[in-house]
Amino acid sequence: MSLPETDSIVPLDVLYGTHHGWLQGWLRRSLGCSQQAADLAQDTFVRLLVRGRPISNRAPRALLARIARGLVIDHWRRDALERAYLEALAQLPEPSHPSPEVRHEALQCLERIAQLLEGLKPVVREAFLLYQLGGLNHAQVALELGVSSRTVERHVASALLHCYRLCFEAPQ
């Protein structure tokens with residue numbers, strides 16, 4: 001990918017030196033926590049490093065903000081998953097609480113599932129979750145969603161195919 005003649009490439013270290021403070025302040029205002037802001041600012045620059053493409057001087061703050069915004073959304077999603085998981089654990093009797101290692105592994109699995117289902121339309125995701133986790137059959141899911149049983153079958157099949165492709169097919 002070539003850059004237009006008016007654009008020039010900015011080395012990552014220059015971008016970091018010039019915009020890191022701004023990005024961290026922007027994230028601190030968004031998150032309300034300086035430690036999380038520092039972590040996500042670093043993660044933003046790591047994403048740029050891993051991406052391996054040249055960085056244009058055209059709108060570096062817009063690029064940084066776009067990457068950081070995605071990381072903030074991921075952070076909030078992980079936080080919501082963790083809270084929901086911990087609330088579910090609180091309902092269990094004390095002796096059946098899993099070890100910290102098992103809790104960590106469960107949270108990682110929940111995060112991966114959330115990422116897999118993220119690209120689905122909301123109605124497809126809901127049908128899939130009601131069928132797979134809610135223990136409902138196609139007819140019950142159809143009643144719940146106000147659609148036909150055949151539509152539920154298509155939604156569930158579509159969700160399964162989506163997850164399969166993300167897990168087993170090579171990235172394009």
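Guide: What follows covers the model's confidence, then the core, then the cysteines. This is a predicted model, in which local features need pLDDT of at least 70 and side-chain atom pairs count only at pLDDT 80 or more, while totals for chains, interfaces and linings use all residues. Residues are numbered from 1 along each chain as its sequence is written, and side-chain values use heavy atoms, with hydrogens and water left out.

The pLDDT is the predictor's confidence in each residue, from 0 to 100. The protein chain has an average pLDDT of 86, and 94% of the residues score at least 70. Helices here are DSSP runs of H or I, at least four residues, numbered from the N terminus.

A nonpolar core is a set of buried (under 20% relative accessible area, 1.4 Å probe, protein chains only) Ala, Val, Leu, Ile, Met, Phe, Trp, Tyr and Cys residues joined through side-chain atoms within 4.5 Å. The largest such core has 17 residues, and those touching the most other members are L15, L23, L27, L40, F45, L48 and L64. Helices α1 (12-31), α2 (34-51) and α3 (60-90) each supply at least two residues of this core. The largest share, 6 residues, comes from α3. Leaving aside residues up to four places away in sequence, L23 is in contact (heavy atoms within 4.5 Å) with A41, T44, F45, L64 and A68. Another core, of 14 residues, lies apart from the largest one and includes V124, F128, V141 and A142.

With a disulfide taken as a pair of cysteine sulfur atoms within 2.5 Å, the count is 0 disulfides. For C163, the nearest cysteine sulfur is that of C167, 6.4 Å away.

Conventions
Buried < 20%, exposed > 50% of the residue type's maximum accessible area, 1.4 Å probe, protein only.
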